[in-house]
Amino acid sequence: MDKIINNFIAEFPELNNLIDEDALIAKFIDKTKNLELHSDDTAFTTNKMESLKMTDYGVDCVRIEADEPLVAPLFEKLNYNTFWEDPFGWFIHKYNIEMQTKVHTDQKRNAVLIYPIVPKAYTIIYVDPADKQTEIYRHTYRCPTIINASIPHYIEDGNLEKIHFQISLFVNGTDWSTVVNENI
Ligand SMILES: [Fe+2]
């Protein structure tokens, strides 16, 4: 497959199958049961860098560090020289199928490595920063993909229960081709 790499997304099919997805779900789905409630979406990436339940997105987010054996193979592919802060992971379960991930721009982190699990394919839509409404780009996931988190975006995930793993990235510059080590 021809990799798509542009200002919005960068595909990394070589990162496929680095995670035992069933084991990851089995280990972390239970940890979502006792999460604290948060309604403030800035809590996710600014103040409270810890596991939380975000009721306004209908998601549970369990923080996972780079040394967790189930996801370590993915972190080991990253080129830490390209970061101004170390990355860390999230197991995210969108349990509320009636909600849709609304238009937002991520705080602090400027890129996110998305590793779709269930479903494998769903669509991210970028909107014009000026009106936060007009669609300027859309992409349906085909493999692990780095997304630009600094442009407003939403996810076409209404009516979906969704599970994915993601890594918060703090990337120097805008060239994502060097974020993943090709030769390791
Ligand atoms: Fe986002």
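Biologist: Which residue stands opposite Glu135 in strand 8?

Modeller: In this predicted model, Val127 stands opposite Glu135. Strand 7, residues 123–127, pairs with strand 8 in the antiparallel sense over 5 bridges.

Biologist: Which strands form the open sheet, and in what order?

Modeller: The sheet has 3 strands in the order 8-7-10, with antiparallel pairing. Strand 8 (135–140) and strand 10 (153–155) are at the edges, and each has a single partner strand, so one side of each lacks a neighbour in the sheet. From one strand to the next, the twist averages 20°.

Biologist: What joins strands of a sheet in general?

Modeller: Strands of a sheet pair through backbone hydrogen bonds, in a parallel or antiparallel manner.

Biologist: Turning to the loops, where is Lys132?

Modeller: Lys132 lies in the loop between strand 7 and strand 8. Its phi is positive, about 50°, although Lys132 is not a glycine.

Biologist: Why is Lys132 classed as partly exposed?

Modeller: Lys132 has 13 other C-beta atoms within 10 Å. A residue counts as exposed at 12 or fewer and as buried at 20 or more, so Lys132 falls in between.

Biologist: And what is the phi of Lys108?

Modeller: The phi of Lys108 is near 70°, a positive value in a residue other than glycine. Lys108 is in the loop between strand 5 (88–94) and strand 6.

Biologist: Which residues does the cis peptide bond join?

Modeller: That bond joins Val118 and Pro119, with omega about -5°. Pro119 belongs to the loop between strand 6 (111–118) and strand 7.

Biologist: How many helices and strands does the chain have?

Modeller: The chain has 2 helices and 11 strands. Buried residues make up 30% of its 184 residues.

Methods
Residues numbered from 1 in each chain as written. Predicted model: local features only at pLDDT ≥ 70, side-chain atom pairs only at ≥ 80, totals over all residues. Pairing = 2+ DSSP bridges. Helix = DSSP H or I, 4+ residues; strand = E, 2+ residues; numbered from the N terminus. Axes fitted to C-alpha atoms, helices over the stretch in contact; angles between N-to-C directions.
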